[in-house]
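Here are some notes to read alongside the model. Please keep the structure open and look up each element as you go.

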Amino acid sequence: MHSIDPSDIGALLRQAVAHHQRGELAQADALYAAVLARDPANFDALHLSGVIARQRQAPELALDLITQALAIDAGRAIAHCNLGAVLQDLGREQDALASYERALALQPDYPMALCNRGNALRRLGRLDEALASYERALALAPSYAEAFCNRALALQALDRHADALDAFGAALTQRPAYAEALHGAGVSLAALDQAEDALEAFDRALRAQPDYVASWCSRGTLLLRAQEAHAALDSYDQALRLRPGHPRAQLGRANALRALGRRDEAIAAYEAAAACGADGATVAYLLASLGAAPAPQASPAGYVAALFDQYAGRFDRHLVDVLRYRTPTLLADVLARQLAGRSGLDILDLGCGTGLCGPLLRPLARQLEGVDLSAGMLAQARELGVYDALACGELTAYLAQTPARWDVLTAADVLVYVGDLDPVLAAARQGLRAGGTFVFSVEALDGDGYSLRASGRYAHAAEYLAMLAARHGFTVREQVACTLREDSGEPVAGLVFALGL
C-alpha cells in the first residue's frame, strides 16, 4: 500500500485555491476532487468544495460537504460561517444564526460572521439586534461595504428610510457600482416620495448589474405608480426574460396590463402569476375585480398592507392634491353635528393610515388611538404626534381586544376594502360603550348589497348598510350623500353614515 505524499496534496490545494480565487470554479472543483480522491478526510478540500457548491446554487450539496468538513475539525470559525450562509440559502434562519454564534464563539472579532449574524437576525425580525451586530462588524471593519448595505436594509425594515439612505451611501462610497446598495437606495427614495431619484437609482443598479431582476421589478412598480403603464410593462418583461416564472415580475406584468385596460391579457397574466407562486389570495382578489372570479368578502389583508406600505410616503399629498380627497373633513363635520360640543372622548381611528383624520379628532378626544394594517402608514402617523397610541393590526380583531372601550369609532375610506360589513358592525357594536357613535364612509352603490369594482374597491348600497345597522342594534343617526374624491378626473360618489347605540 502506497503512502499519501502530503506535498502533492498541498500543491493540488494551492492550485485549486488559485483557480477558486480567480472565479474558475470548474477547474478548482476538479482539483478539490483530486485531493479528496487521495485524502477523503481533507478538511480544506471538503470545506472549499462546499463553498463552490453554494456558489453554483447547490445548497443541499454544500450543506453536506461543509458538514463533513466540520465533523473533521469543528474548531474552524470560517467553516461555521459558511455553513450559516448555506443554511440561510435553505431558509433555515434559526439554524444559520446558531452557526454564526458558533463562529463568533471561536473568533469574536470576525466581521463577516457578525455581518451574517445580522442578516439572520434581520430575517427573523429581530431588527434592533441585527443593527447592533452590523455595528460591531463595522467597528472592526470600517470600510465593510456589505455591512453598511445590510445595516441599511434593517433600517429600511424599520421604516427609517432617511437613515437607510445614509447607510446605503456609505456602502456606495466604498463600492460605487454596488448594485444591491443602489437598488436599496431606490426603494428608500421611493418610500420618501422622491420618485425621479428612485428611478435613477434603479437605473444605476441595472447599469452595474443588468441581470438584477429585483431592480427591473422595482422599476416597474415605480413606473406603474406614476401611471406609465407601458414603460412598467417593459420593465416587468425584462425581468421575466431574465428569470421566467418570477412571481413578482409576473404579478407586476398582470397589474400593468390591467392598468392598460387589456383585460383578457391581464386575466391570463394573473393566472400565470398564481401558477408561478404569487400570493393566491391576492391574485384571486384581482381576478375578481376584473369579473373573472367570485368576489371575496374582503380584500386580503396582505394585499392591503402591501398596497399602502408602498404608498405611504406620498399618500397625503396624492390624496389631497391629486384626488381632491375630502373624506376626513366630511366625517369631522358629521361628528361635530352628532357630538354637539362634547369632548374628552375615547376615540379609535380605524384604518388610520398616515393620520389624516388625527388632527380633526384630537380636539374631541381624551384618548385617541389608531389601528392600521400598514406599518409604513403608521410610521407616517407617528410623526404627527397627535395619537396617544398606534397599533398595527386588523380592525375587527383589534376591536375584539378592546370591548366596550370606545365612545367614538371612525373609519375614513377603510370599508372600501371590505365587502361583507356584517363582521365589522358586529365588532363595532362590541367595541363601543353605550351611547357610542360609529362614523364611516363607503363608496355608494346603486343596487343591492355590495360589489367589488374594477378599481379593487368595494361599493355598498345604503339599504344594505341600514339593514346591517338594525341587525346589530344601531340607529342610523345621519346619512350623507357626498363626493369622496376624484378618480381619473371623475367624482367618486360616496355615503357617510353616523350610527349610534
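1. Two strands count as paired if DSSP finds at least two bridges between them. Strands (E, at least two residues) and helices (H or I, at least four residues) are DSSP runs, numbered from the N terminus. With that in hand, look at strand β8 (residues 475–487), which pairs with β9 in the antiparallel sense over eleven bridges.

2. Before going further, please note that this is a predicted model, in which local features need pLDDT of at least 70, side-chain atom pairs count only at pLDDT 80 or more, and totals for chains, interfaces and linings use all residues. Residues are numbered from 1 along each chain as its sequence is written, and side-chain values use heavy atoms, with hydrogens and water left out.

3. Back to β8 and β9. Glutamine 479 stands opposite phenylalanine 497 in β9. The hairpin of these strands has two residues between them, and there serine 488 takes a positive phi near 55°.

4. Strand β9 (residues 490–500) has another partner to find: strand β5 (residues 432–444) pairs with β9 in the antiparallel sense over seven bridges. Here valine 439 stands opposite alanine 498 in β9. Eight of the eleven residues of β9 are buried (buried means under 20% relative accessible area, exposed over 50%, partly exposed in between, with a 1.4 Å probe and protein chains only).

5. Now try strand β1 (residues 345–350). How many of its residues are buried? Six of six are, so to speak a mostly covered strand. In a regular strand the side chains alternate between the two faces of the sheet. In β1, Leu345, Ile347 and Asp349 lie on one side and Asp346, Leu348 and Leu350 on the other, and all are buried.

6. Which strands does β1 pair with? Six bridges join β1 to strand β2 (residues 365–372), and the two run parallel; leucine 350 has valine 371 in β2 as its bridge partner. Strand β4 (residues 406–411) also pairs with β1 in the parallel sense, over three bridges, and there aspartate 349 is partnered by threonine 410.

7. Next, the helices. Two packed helices are described by the angle between their axes and the distance between the axes. Axes are lines fitted to C-alpha atoms, for helices over the stretch in contact, and angles run from 0 to 180 degrees between N-to-C directions. Helix α12 (residues 195–208) packs on helix α13 (residues 213–225) at about 155°, with their axes 9 Å apart. The two are therefore roughly antiparallel (angles over 145 degrees; under 35 is roughly parallel, 65 to 115 roughly perpendicular and the rest oblique).

8. Which residues of α12 and α13 meet? Among them are Leu199, Phe202 and Leu206 in α12, and Trp216, Leu222 and Leu223 in α13 (contact means heavy atoms within 4.5 Å). By class, this contact has nine nonpolar, two polar and two charged residues (Ala, Val, Leu, Ile, Met, Phe, Trp, Tyr, Cys and Pro count as nonpolar, Asp, Glu, Lys and Arg as charged, and the others, Gly among them, as polar).

9. Helix α13 also packs with helix α15 (residues 247–259): their axes come within 10 Å and cross at roughly 20°. These two helices are therefore roughly parallel. Residues meeting here include Cys217 and Thr221 in α13 and Asn255 and Ala256 in α15.

10. Last, compare helix α4 (residues 59–72) and helix α5 (residues 77–89), whose axes come within 9 Å and cross at roughly 155°. That makes α4 roughly antiparallel to α5.
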